[in-house]
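Visitor: Hi, could you walk me through this one? I'd like to ask things as they come up.
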Amino acid sequence: MKTTFMGYPRPDGGVGIRNYVAVISTVSCANLVAERIAREVEGAVAVCHGHGCGRRPEREMHNRVLAGLGNNPNVYGVVLVSLGCEGTPASRVAEEIRKSGRPVELLTIQEGGSSQAVEKGIQAARRLTAQAGLLERIEAPLSALTLGMECGGSDAFSGVTANPAIGDLADWLIGQGGTAVLTETTELIGTTGILGRRAKNEAVRKRILEVVEDAHQNTLLCLGENAARAIAPGNMDGGMSTIQEKALGCVRKGGSSTITDVVDYGQPSDQKGLVIMDGPGYDAESLTGLAAMGCQIIFFSTGRGTPLGFPIVPVVKVASNSALYRRMPSDMDVDAGQVLEDGRSFRDLGEEMVQRLLATAEGAPTKSEENGQTSYVCLWSYSKSI
Amino acid sequence: MKKQVLIMDPKDNVGIAVREIGQGERIQGENGREDFVALETVLCSHKIAVADIAEKEPVIRYGEAIGYATRRIRQGEWVHIHNLDAYDMM
């Protein structure tokens, strides 16, 4: 069995499985300029979002997330596109990324207008992609990989086929010395007993209880006392009866390893093994947090189907049922529904999952990458806009 | 050929119908249980009781309680929100 893969070495010790120049807007006002730059330069991808101003409680978190996206191992260097007057301190975000040893070019639209910023940005992005192109993949240990785990558009088979298969993959990667990240705290409500027993120590156990209780309180606040029954109508049609049932299925994708750390949304961990990242259940926001905390690859289980991917991180879509795999062939990468057939075992599927992870790590495109991927990402937000 | 019912953990008292199960259909027993008969139609991906569950007893899937029976559930019955409720988390 392989214990290494070929990846791009980064100055901070990380290893990328892609080699992008990220053109990141610091505020939504800069999105179009960032997109126009990336459109013109092969190897550059835009990372745009709807925030960067007007929200005070999230500001520090959003700053951390933007820097984290720039510091993702799949990113060679960054063109940071700022408007000039936004809430995000663009030069501080640039500094946070430079600390990793990555080249960063900072542009300010208000200094000379959109056209000038686009022109300068294209030049900067071309310089960086030329440098990035000189970098070759080198042999790296599998322990350098951080796998993000996500589920969205779940059905009753998500917890039966796709999530257990992702859990097996997480356990395998952790066995190789790597890291897997479980998130979507909302979906962990009702499972603290199980997760608490798997905590590395008392501090981690307490932290698990804290973040899940916070998510629980938030759910009660948003949904009232019926929160325990609050699952999407589609889930219920699919046969899921309670939030605990859904959560148990969700937790399955975390496998059975010891939980070594709990981090905030988009916060890197210094631990290997199974890490919990506190974060929302909304897929688009969740993927952003996983990318910002350093996941190079994300396995995403879905029962109803979703085309969602992420600009700088390959997302591997695992269909929980074969009907979905056949219905959305341009979006689904793996058919976990195979285990529902006589004679197909989780062991067979597990081997396919490992091969898929290794191939994707070495450059094989996922379906969402083939689809061209959106440049737009969602940052977790919870306060009222001012 | 599709399997009939998938049981995730030996402690489970419900299984997942992997395809639609018709009323009167014979279900292969697992984990040392005898074969039993589906008492009603169970839609694909819905739960079927693989053992009798008394009122107020936990409904177990993945080896863990997913809620409790709001009335007695017989082996072979469909299990969903009409006879299963979440534990109050307040």
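Guide: Happy to. Let's begin with a term: buried means under 20% relative accessible area, exposed over 50%, and partly exposed in between (1.4 Å probe, protein chains only).

Visitor: Then is Lys99(A) buried or exposed?
Guide: Lys99(A) has a relative accessible area of 62%, so this residue is exposed. Lys99(A) sits in the loop between α3 (90–98) and β6 (104–108) of chain A. Helices (H or I, at least four residues) and strands (E, at least two) are DSSP runs, numbered from the N terminus.

Visitor: Before we go on, what are the ground rules?
Guide: The model is predicted: local features need pLDDT of at least 70, side-chain atom pairs count only at pLDDT 80 or more, and totals for chains, interfaces and linings use all residues. Residues are numbered from 1 along each chain as its sequence is written, chains are lettered from A and ligands numbered from 1 in the order in which they are written, and side-chain values use heavy atoms, with hydrogens and water left out.

Visitor: Good. How far apart are Lys99(A) and Leu379(A)?
Guide: In space they are 23 Å apart, C-alpha to C-alpha, and in sequence 280 residues apart.

Visitor: Switching to chain B, how many helices and strands does chain B have?
Guide: Chain B has zero helices and nine strands.

Visitor: And how compact is chain B?
Guide: Its radius of gyration, taken over C-alpha atoms, is 12 Å, close to the 12 Å from the globule rule for 90 residues (2.2 Å times the number of residues to the power 0.38), so chain B is as compact as a globular protein of that length. The C-alpha trace of chain B spans about 45 × 25 × 20 Å along its principal axes. Of the 90 residues of chain B, 47% count as buried.

Visitor: Which strands of chain B form an open sheet?
Guide: Three strands do, in the order β6-β7-β9, with antiparallel pairing. Two strands pair if DSSP finds at least two bridges between them. In chain B, β6 (58–61) and β9 (84–85) are the edges; each has a single partner strand, so one side of each is left without a neighbour in the sheet.

Visitor: How many bridges join β6(B) to β7(B)?
Guide: Four bridges link β6(B) with β7 (residues 64–69) of chain B. One pairing to look at is Ile60(B), whose bridge partner in β7(B) is Ala65(B).

Visitor: What lies across those two strands?
Guide: Helix α9 (residues 243–251) of chain A lies across β6 and β7 of chain B, at about 165° to β7(B). Axes are lines fitted to C-alpha atoms, for helices over the stretch in contact (heavy atoms within 4.5 Å), and angles run from 0 to 180 degrees between N-to-C directions.

Visitor: What's in the loop between β6 and β7 of chain B?
Guide: Tyr62(B) lies there. Phi of Tyr62(B) is near 60°, a positive value in a residue other than glycine. Most residues other than glycine have a negative phi. Tyr62(B) has a relative accessible area of 5%, so Tyr62(B) is buried.

Visitor: And what is phi of Glu184(A)?
Guide: Phi of Glu184(A) is near 60°. Glu184(A) is in the loop between β9 (179–182) and α6 (192–197) of chain A, and is buried, with a relative accessible area of 0%.

Visitor: Last one: at what angle do α2(A) and α10(A) cross?
Guide: The axes of α2 (residues 59–70) and α10 (residues 283–292) of chain A cross at roughly 65° and come within 7 Å. Val65(A), Gly68(A) and Leu69(A) of α2(A) make the contact with Thr288(A), Ala291(A) and Ala292(A) of α10(A).
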